[in-house]
Amino acid sequence: MLGLFLLLPVLALYAREMPDYSPELLGLAMGAYGLTQAVLQIPFGRWSDRYGRKPIIAIGLLLYAAGSLIGMLAHSLAALFVARLVQGSGAVSASVTALLADLTRAEVRTRAMAVVGISIGLSFVVALVLAPVLDAAIGVPGIFVVMLAMALAGLALLYVAVPAEPARTGGAEGRELSAMADILVRPVLRPLYAGVFALHFIMTATFLSVPQVLATDLGMPTGSHWKVYLGVFVVSIAGTVPLILATERTGRGRLVFVLAIVLVACAQALLGLDHAHLWRVLAALTLFFAVFNYLEARLPALLTQAAPGTDRGAALGVFATSQFLGAFLGGALGGVLLGRFGLSGVFWGSATVAASWAVIAFAGGSGRQISHEHA
């Protein structure tokens, strides 16, 4: 995840130097990994049930390494698009989660899952800070080298440090298809799938635009972007914590959830209105990160409350697919908006997606239903 995140803050600027640059192709390159992740996440999980976790994870890491090698050697934006597709085809998140579940006792499993969640969140923060520094020092091809090295290190850890997985015991595969169909259409879950789709659509579109705002509109050197990201993220925690506390202590979790979505729309609208003044950009980004961090944690929590234990794995698979599909379309459609309407068009498009999500969340009443079922 750190490798995938590392390119978000720097790829848009690097792509502009390519001979075949276009905003549309940039958007595809930004979100390409999400397409193959979305398509292959559930099949990789099923294959890990059948053939074992470690062999499938190893294949995924090798695909990720191959994509990193292509990216390292790429001299065109089309080649970068292919590299990101190949990287994303190593869709082993579900397989890794399943292996973790196989290797942990039920009484400590939640704690183990929480540690993984924290590590992913931390990797996002580290990437925001580290990527501009690495870009200034070794460039995007060098970042692909780092990603290749991390893939190979992960492969070594898989066989040297991770305990042997238990023997496969089989499963009710005939039940899986009917369960998946039920999980896809269950009313209480659909708003959550739509929510994670919208959130990652907006996140990818934001990083399609914000690095260009900092470099072009504000004249900030790429190597200094990490100061903006780090400062904004640290300050945003002061906004995330009250949202979490209000959710847990006031009994108005649904209203807080919808309010957070509305605030995402407001942050994007502020960037759409004015991204030529530093302090306004910083204020809008701080607001965005405050609510993004809250929603990124709240959506999986709501899903695990709403999905019954017997179908939770299937629901998480659909949830992950929705997330990565949102990342792909956020890049692809963001590139179209960038080409036709400029940076403001991307921000206003993201604001529209957030506003539509707020309507779905409010009208669907998912928070109230989930709270009732959980109680």
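Author: Helices and strands are here DSSP runs, numbered from the N terminus, where a helix is H or I over at least four residues and a strand is E over at least two. On that basis the chain reads α-α-α-α-α-α-α-α-α-α-α-α-α-α along its sequence, with 14 helices and zero strands. The model is predicted, so local features need pLDDT of at least 70 and side-chain atom pairs count only at pLDDT 80 or more, while totals for chains, interfaces and linings use all residues. Residues are numbered from 1 along each chain as its sequence is written, and side-chain values use heavy atoms, with hydrogens and water left out.

Two packed helices are described by the angle between their axes and the distance between the axes. Axes are lines fitted to C-alpha atoms, for helices over the stretch in contact, and angles run from 0 to 180 degrees between N-to-C directions. Helix H11 covers residues 253-273 and helix H12 covers residues 278-306; their axes come within 9 Å and cross at roughly 145°. The crossing of H11 and H12 is left-handed, a term used if the near helix is turned anticlockwise from the far one by less than a right angle, with right-handed used if clockwise.

Which residues of H11 and H12 meet? Contact means heavy atoms within 4.5 Å. From H11 come Gly253, Val256, Phe257, Ala260, Ile261, Leu263, Val264, Cys266, Ala267, Gln268, Leu270 and Leu271. They meet Val281, Ala284, Leu285, Leu287, Phe288, Val291, Tyr294, Leu295, Arg298, Leu299 and Leu302 in H12. By class, this contact has 20 nonpolar, two polar and one charged residues. Ala, Val, Leu, Ile, Met, Phe, Trp, Tyr, Cys and Pro count as nonpolar, Asp, Glu, Lys and Arg as charged, and the others, Gly among them, as polar.

Leucine 259 also belongs to H11. Buried means under 20% relative accessible area, exposed over 50%, and partly exposed in between, with a 1.4 Å probe and protein chains only. Leucine 259 counts as partly exposed because its relative accessibility is 44%. Its C-alpha atom is separated by 9.6 Å from that of phenylalanine 362, which lies 103 residues away along the chain.

Helix H3 (residues 23-51) and helix H6 (residues 93-102) pack at an angle of about 35°, with their axes 7 Å apart. Gln37, Gln41, Phe44, Gly45 and Ser48 of H3 make the contact with Ser93, Ala94 and Ser95 of H6. By class, the contact of H3 with H6 has two nonpolar, six polar and no charged residues.

Helix H5 (residues 77-88) has 12 residues and reaches 16 Å from its first C-alpha to its last, close to the 16 Å expected at 1.5 Å a residue; the expected span is 1.5 Å times one less than the number of residues. The buried residues of H5 are Leu77, Leu80, Ala83, Arg84, Gln87 and Gly88. Seen down the axis of H5, these buried residues fall within an arc of 130°, so they line one face of the helix. The arc is that of the directions from the helix axis to the C-beta atoms. An α-helix has 3.6 residues a turn, so residues three or four places apart point the same way. Leaving aside its neighbours within four places in sequence, phenylalanine 81 is in contact with Leu28, Ala29 and Ala32.

Individual positions elsewhere complete the picture. Serine 123 has its place in helix H7 (residues 106-160) and counts as buried because its relative accessibility is 10%. Beyond its neighbours within four places in sequence, serine 123 is in contact with Met1, Leu2 and Phe5. Glutamine 323, in helix H13 (residues 312-364), is buried, with a relative accessible area of 17%.

For the chain as a whole, buried residues make up 50% of the 375 residues. Of the contacts with a separation of 6 or more, 84% are accounted for by residues 24 or more positions apart.
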